[in-house]
Amino acid sequence: MFSLPLRDGARLAPLEIGHDEEFARHMDRAREHIRPWVGPSFVTTDVEGARGTLARYAERQARDGARLYGIWHQDTLVGGVMFTDFQTAMGCCEIGCWLEPSAEGLGLVTPACGALLDWAFTGRGLHRAEWHCRADNLRSAAVAKRLGMTLEGVRREAWPYRGTRHDKQVWAVLAPEWQAAKG
């Protein structure tokens, strides 16, 4: 398995079915913090649910679809990044992230997402990467901005959460823009 150093004792690596117990412990620390911002099927409550989430991503990756990567800080799983959608035929993907509270502000998400974008654009030849987040998720929108993404629009009341519908922002960066910014 590969492991990509991020910074200050942190690394990015595939998050796989064998990490089910570790992912469940991580969700215990992260659950209430991330619940408003991520899809409900991702927020598991036990090892069986963690295994199910990891298995869904493994199955999608096997079909050249979505992929899941963990962020470990000091050898503890503290969050991750993912391709929530990956469509080579269309040349586009969507990336996302999550962190438990202890890992916020450590500068881990932007370089981890940058590694995914580098691979999608350079390694796989995709043309477009999107980032979707609730409009009131300022931390998530800030990552999109740091990645050089452009806010393309707002899908009004597209994100249901606990009986309330929230606006969803759609950010994107194109391969030529990403490559020019890195140039």
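How many aromatic pairs does the count come to?

1. The count comes to six aromatic pairs, where rings of Phe, Tyr and Trp (its six-membered ring) pair if their centres lie within 6.5 Å. Planes under 30 degrees apart count as stacked, over 60 as edge-to-face and the rest as tilted. The model is predicted, so that local features need pLDDT of at least 70 and side-chain atom pairs count only at pLDDT 80 or more, while totals for chains, interfaces and linings use all residues. Residues are numbered from 1 along each chain as its sequence is written, and side-chain values use heavy atoms, with hydrogens and water left out.

2. One of the pairs joins F2 and Y69: the ring centres are 6.2 Å apart and the planes stand at 50°, so this pair is tilted. F2 belongs to the segment before β1 (4–5) and Y69 to strand β3 (residues 67–73), 67 residues apart; helices (H or I, at least four residues) and strands (E, at least two) are DSSP runs, numbered from the N terminus. F2 is partly exposed, at 44% relative accessible area, whereas Y69 is buried at 9% (buried means under 20%, exposed over 50%, partly exposed in between, with a 1.4 Å probe and protein chains only).

3. F121 and W178 form another tilted pair, with 6.5 Å from centre to centre and 50° between the planes. F121 is in helix α3 (residues 109–123) and W178 in helix α5 (residues 175–182), so the pair ties together parts 57 residues apart in sequence. Both F121 and W178 are buried.

4. F83, F86 and W119 make up one aromatic cluster. R67 lies over the face of F86, 4.4 Å from the ring centre. The charged end of R60 sits over the ring of Y57, at 5.5 Å from its centre. For such a contact, NZ of Lys or CZ of Arg is within 6 Å of the ring centre and within 35 degrees of the ring normal.

5. The largest pocket has a volume of about 1000 Å³. A pocket is an open set of points on a 1 Å grid over the protein atoms alone, where a 1.4 Å probe fits, with protein on both sides within 12 Å along at least five of seven lines; lining residues have an atom within 4 Å of a point. Grid points are joined across faces, edges and corners, and the volume is the space filled by probe spheres set on them. Of its 43 lining residues, W37, V38, C97, W98 and N137 are closest to the centre. Strand β5 gives the largest share of this lining, six residues.
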